[in-house]
Amino acid sequence: MDLKLIELASGKASGSVTVSDAVFGVEFNESLVHQVVNAYMAGARSGTKGQKNRSAVRGGGAKPWAQKGSGRARAGTSRGPVWVGGGRAFPGHNRDFSQKINKKMYRGAIRSILSELVRNERLVVVDDFKVSAPKTKEFVGHLSTLNLKDALVITEGFDEYLYLSARNLYHADVCDVSAIDPVSLVGFKSIVVTQGAMKQLEEKLG
């Protein structure tokens, strides 16, 4: 499969790049993509409800007073539920929202999303995507050259200048190949991929 290669400086096609049909030409598996996207979003949730039982509360290792002779009720620990500062009898625990997704399923979903992006002409391949300084204006200028506004830029490696240039934009983001996720691929209207990143995606998902 050949995809059009866009020159970033002019915003016009400067050739083509050959990609693997096994990565960018597979059928769209809606159920698989839905499952993987849900699992990814569920993994980002944090269970905030958490309490401690008597064994989790710090202290209470020593017997508060002697078993006999004090005139008070016998007590083995000061961290029981009936004590101030003690643990709860039936504490609530942090809920784990994570769902198990196999690596094969995850890679299959990413391939399915990328293939659908190609079919819908939402994936743009550029020769390179860099900025000379961490300036948002220059980053937005590159997107304007490509006639894009809402876009995710995928590069072959982490670029600090690009990250700093895009972090204040709510409609754009930057990540490298190792940091791509299904939610971002589905959420942005356009995906801009550098030529070097395309080769890494083929190696990673092939």
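Which residues touch the most other members of the largest nonpolar core? That was my opening note on this model, which is a predicted one.

**Entry 1, the core.** I looked up the largest nonpolar core and found 31 residues in it, with Leu114, Leu123 and Ile154 touching the most other members. Next I listed the elements that give two or more residues to this core: the strands are β1 (2–6), β3 (123–126), β4 and β6 (190–194), and the helices are α1 (21–24), α2 (30–43), α3 (103–119) and α7 (195–205). Helix α3 supplies the largest share, 6 residues.

I then picked Ile154 and set aside its neighbours within four places in sequence. Its remaining contacts include Cys175, Asp176, Val177, Ile180 and Leu185. Ile191, Val192, Val193, Thr194 and Ala197 are also in contact with Ile154.

In what order do the 6 strands of the open sheet run? I read it as β2-β1-β3-β6-β4-β5, with mixed pairing. The edge strands, each pairing on one side only, are β2 (13–18) and β5 (172–176). From one strand to the next, I noted an average twist of 30 degrees.

I finished with β4, residues 151–155, and its partner β5. Do they pair in the parallel or the antiparallel sense? The pairing is parallel, over 5 bridges. Within this pair, I found Val153 opposite Val174 of β5.

How values were computed
Residues numbered from 1 in each chain as written. Predicted model: local features only at pLDDT ≥ 70, side-chain atom pairs only at ≥ 80, totals over all residues. Heavy atoms only, no water. Pairing = 2+ DSSP bridges. Helix = DSSP H or I, 4+ residues; strand = E, 2+ residues; numbered from the N terminus. Axes fitted to C-alpha atoms, helices over the stretch in contact; angles between N-to-C directions. Core = buried A, V, L, I, M, F, W, Y, C linked by side-chain atoms within 4.5 Å. Buried < 20%, exposed > 50% of the residue type's maximum accessible area, 1.4 Å probe, protein only. Contact = heavy atoms within 4.5 Å.
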